[in-house]
Amino acid sequence: VCPTYGHRSPVAVVNPRPSTGTGLWAGRGGPGAKPEEGQEVPPDQLVLQGNTYFAEGACRRAFRAKYISGTGETSEVVVKAFKPEDRFKYPTELEDSVRAQERAIALAQEYNEQMQGRSRVVFLPIRPCQLEGEVVDDSGTVLVERGQTVTVEPQLEGNYEKFSSNNGWTTNDVRTPGAFMHWTWHRTHELVVMDLQGVQCGALPGVREGTFILTDPAISSLSEQYGSTDCGVEGIRNFFRDHQCTELCQGFATDRP
């Protein structure tokens with residue numbers, strides 16, 4: 001069964017090894033649970049699972065955390081933060097990545113409606129949260145700086161895979177990622193959602209593919225408006241140069257730039 005995800009944003013963070021005080025850090029994010037009339041509900045919180053990261057990319061690190069709502073509900077999430085040395089190198093990168101993911105979410109919803117169950121793509125919701133503290137590892141190295149804005153998303157369970165890159169490569173082992181990427185061009189004639197990665201759930205081998213639950217997409221656009229991972233016209237051309245249409249592309253197979 002594929003999981004479903006809520007949309008509340010954390011407004012506080014707890015580090016198991018705080019540098020000062022109690023370690024309760026208020027964060028500025030979206031609203032948490034609403035209190036009943038006359039009752040005050042504590043802010044939502046994130047409790048980091050250890051004080052180091054479990055994965056890193058070129059510019060960001062990923063930390064496991066537990067989301068605790070003001071009403072006591074808990075879920076496992078991932079906190080992603082820019083490395084301190086890269087935080088100001090790309091000043092709009094976080095906003096660009098959030099915009100890219102939100103655009104991908106909207107396009108995926110439209111794609112799923114049109115495919116009517118033949119193919120399905122879901123992108124994780126992400127929420128920004130500004131910390132008022134810092135993440136410090138056992139050696140005293142600052143991993144996330146005070147006041148830094150991070151993103152929070154549900155934790156993916158399953159076999160994490162890379163299905164495409166941000167510069168055109170796409171796996172031919174499964175059909176849905178390539179079909180979705182092709183469809184995003186057909187739908188917009190302006191961009192291709194790329195760098196698809198995540199897990200596939202609900203598949204029946206030899207019968208049908210499952211739902212692809214994805215995160216951290218990149219977008220290549222004619223206007224190159226989606227940050228440093230937007231490869232523009234070159235990325236779009238590279239994708240269509242190697243993309244092999246399948247039956248999932250029926251109806252838009254000939255719609256290429």
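Visitor: Is Asp-96 buried or exposed, and how do I tell?
Guide: This is a predicted model, so the values are computed from it. Buried means under 20% relative accessible area. Asp-96 has 9%, so the residue is buried.

Visitor: Which residue forms a salt bridge with Asp-96?
Guide: Arg-99 does. The closest N and O atoms are 3.1 Å apart. Arg-99 is partly exposed, at 33% relative accessible area.

Visitor: Where do Arg-99 and Asp-96 lie?
Guide: Both are in helix H1 (residues 93–115). They are 3 residues apart, so about one helical turn separates them.

Visitor: Which residue pairs with Glu-209 in a salt bridge?
Guide: Arg-175, with the closest N and O atoms 3.6 Å apart. This pair links distant parts of the chain, 34 residues apart. Glu-209 sits in the loop between strands E14 and E15. Arg-175 sits in the loop between strand E12 and helix H2. Glu-209 is buried at 17%, while Arg-175 is partly exposed at 27%.

Visitor: Which residues do salt bridges with shared partners join into one network?
Guide: Arg-60, Lys-80, Glu-153 and Asp-216.

Visitor: How many salt bridges does a search of the whole structure find?
Guide: The search finds 12. One of them joins Lys-66 to Glu-76, with the closest N and O atoms 2.6 Å apart. Lys-66 is in strand E5 and Glu-76 in strand E6, so the pair ties together parts 10 residues apart in sequence. Lys-66 is partly exposed at 25%, and Glu-76 is partly exposed at 33%.

Technical notes. Residues are numbered from 1 along each chain as its sequence is written. This is a predicted model: local features need pLDDT of at least 70, side-chain atom pairs count only at pLDDT 80 or more; totals for chains, interfaces and linings use all residues. Side-chain values use heavy atoms; hydrogens and water are left out. A salt bridge is a side-chain nitrogen of Lys or Arg within 4 Å of a carboxyl oxygen of Asp or Glu. Helices (H or I, at least four residues) and strands (E, at least two) are DSSP runs, numbered from the N terminus. Buried means under 20% relative accessible area, exposed over 50%, partly exposed in between (1.4 Å probe, protein chains only).
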